[in-house]
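Welcome, and thanks for taking a look at this chain. Please open the model below and keep it beside you as you read the briefing.

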Amino acid sequence: MMAALSPPTLSSLPDSLLLQIVVWLPPRDRVGVARVCKRWRRLVRDSFLWRHVDLSSCRISSKILWHLLRNYFQGSLWTLKLQGSLFSFRKQEVLTSALLQALGKRCPKLHQLSLMELDLRSFQYGCMPSSLTTLELRCCEIPFVWFQVPETPCTFPRIQQLSIWNVPAFSNQHLLNIATQGTLKTLILSEVYRITDVGIQAAGPHLKDLQHLALCHCSIGDSAMHFIGRHMKQLHRLDLRSNSLTDAGLLCLSGLPNLGILCLRDCSQLSPETILIVCQSLPSLKHLDLSRIDFEDKIFQKIQLGLPNCTVANNIPCTDSSAIS
């Protein structure tokens, strides 16, 4: 009777339930529990635990990454996040060309790679795993010639989603190189000061299938909007965060047939009249973000009333409905 009333222990749980628990542990702790017993060692090697691996919160070396690749990642890895030591006094090697090539060979399901604070200037783009469809670079250094399809016949990644955050070297030529591959569906560029109107003009004709574009705090102006409105007719979402965008540029976006989300955060030079005119010309618009634009409360309300099928977001709550004239 006493044995029947005793509380269950971890050992009494089925493997399927234990895996659902262990998957929430950081990778370092997962490897640690493998020392408990043979059963735990077998569980920790289950491919379910190593599909999505986030190592961005810990400092690792290439030696540790090799160990994880040989013992846990093979055949199971889908997404991987890594953080280097680019801004640290104690720099240590995290990635090597050999490691990248090994990831490509041993992890054929790897489709998403996020790299933070890594120096990639010694890497060739051809070293990237050919299975990649999503690539995110944050605060990284990259070569001046990259994203270029190799001249010699070889496999290379067909990137569909590219996110570049605060990568100083990313330039108009990098953008053109990746755009000419014709595979991009999502392009997010934030704090990339080398991207200019000229770069958008050159890449625009190659981005006809783009569905999500974000240009946040880049060196772009009204001219870039002309090429966005002209070439990128499949856009579903457009994020523009620039205090250099004026009414003339915004008018170039009129009539984008599939645009459902438009973010104009920080676009302080836009007039409410032009915003309303352009948004009324967008047949699919469902969400408009005007956060951090210093309009009066009644102006926001007028914009909302003029867009009955669209949600307008702003930082100022609309409280006085009688102010509408």
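Two strands count as paired if DSSP finds at least two bridges between them. With that in mind, 5 bridges join strand E4 to strand E5 (residues 161–165), and these two run parallel. Please remember that this is a predicted model.

**Strands around E4**
- Strand E4 spans residues 134–138 and is mostly covered, with 4 of its 5 residues buried.
- On the E5 side, Thr134 has Gln161 as its bridge partner.
- E4 also pairs with strand E3 (residues 112–116), again in the parallel sense and over 5 bridges.

**The largest nonpolar core**
- As background, nonpolar side chains in soluble globular proteins tend to be buried together.
- Here the largest nonpolar core has 101 residues, and those with the most contacts inside it are Phe73, Leu137, Phe147, Phe170, Leu264 and Leu288.
- Helix H5 supplies the largest share of this core, 6 residues.
- Setting aside residues up to four places away in sequence, Phe73 touches Trp50, Val53, Leu65, Leu68, Leu80, Leu103 and Cys107.

- Val44 belongs to helix H4 (residues 38–44).
- Val44 counts as buried because its relative accessible area is 1%, and the cut-off for buried is under 20%.
- Beyond its neighbours within four places in sequence, Val44 is in contact with Arg30, Val31, Val33, Ala34, Leu49, Trp50 and Tyr72.
- Ser76 sits in the loop between helix H5 (62–73) and strand E2 (79–83).
- Despite this loop position, Ser76 is buried, at a relative accessible area of 4%.
- Apart from neighbours within four places in sequence, Ser76 has contacts with Ser47, Trp50 and Arg51.

**Asp266 and helix H11**
- Asp266 is placed in the loop between strand E9 (261–263) and helix H11 (272–280).
- Is Asp266 buried or exposed? Asp266 is buried, with a relative accessible area of 17%.
- Not counting residues up to four places away in sequence, Asp266 touches His217, Ser242, Asn243, Ser291, Arg292 and Ile293.
- In H11 itself, the buried residues include Pro272, Thr274, Ile275, Leu276, Val278 and Cys279.
- These buried residues of H11 pack against helix H10 (247–250), E9, strand E10 (287–289) and helix H12 (297–306).

**A nonpolar surface patch**
- Leu10, Leu17 and Ile21 form a nonpolar patch on the surface, and together they have about 260 Å² of accessible area.
- Leu17 lies in helix H2 (residues 15–22).
- Leu17 is partly exposed, since its relative accessible area is 40%.

- As a reminder, most residues other than glycine have a negative phi.
- Cys139 is not a glycine, yet its phi is positive, at about 50°.
- Cys139 is found in the loop between E4 and E5, and at 24% relative accessibility it counts as partly exposed.
- Glu191 also has a positive phi, about 55°, although it is not a glycine.
- Glu191 lies in the loop between strand E6 (186–190) and helix H8 (197–203), and it is partly exposed, with a relative accessible area of 45%.

Notes:
Residues numbered from 1 in each chain as written. Predicted model: local features only at pLDDT ≥ 70, side-chain atom pairs only at ≥ 80, totals over all residues. Heavy atoms only, no water. Buried < 20%, exposed > 50% of the residue type's maximum accessible area, 1.4 Å probe, protein only. Contact = heavy atoms within 4.5 Å. Core = buried A, V, L, I, M, F, W, Y, C linked by side-chain atoms within 4.5 Å. Patch = residues over 30% accessible without salt bridge, like charges linked within 9 Å, V, L, I, M, F, W, Y side chains within 5 Å. Areas by Shrake-Rupley, 256 points an atom, 1.4 Å probe, with all protein chains shown as cover. Salt bridge = Lys/Arg side-chain N within 4 Å of Asp/Glu carboxyl O.
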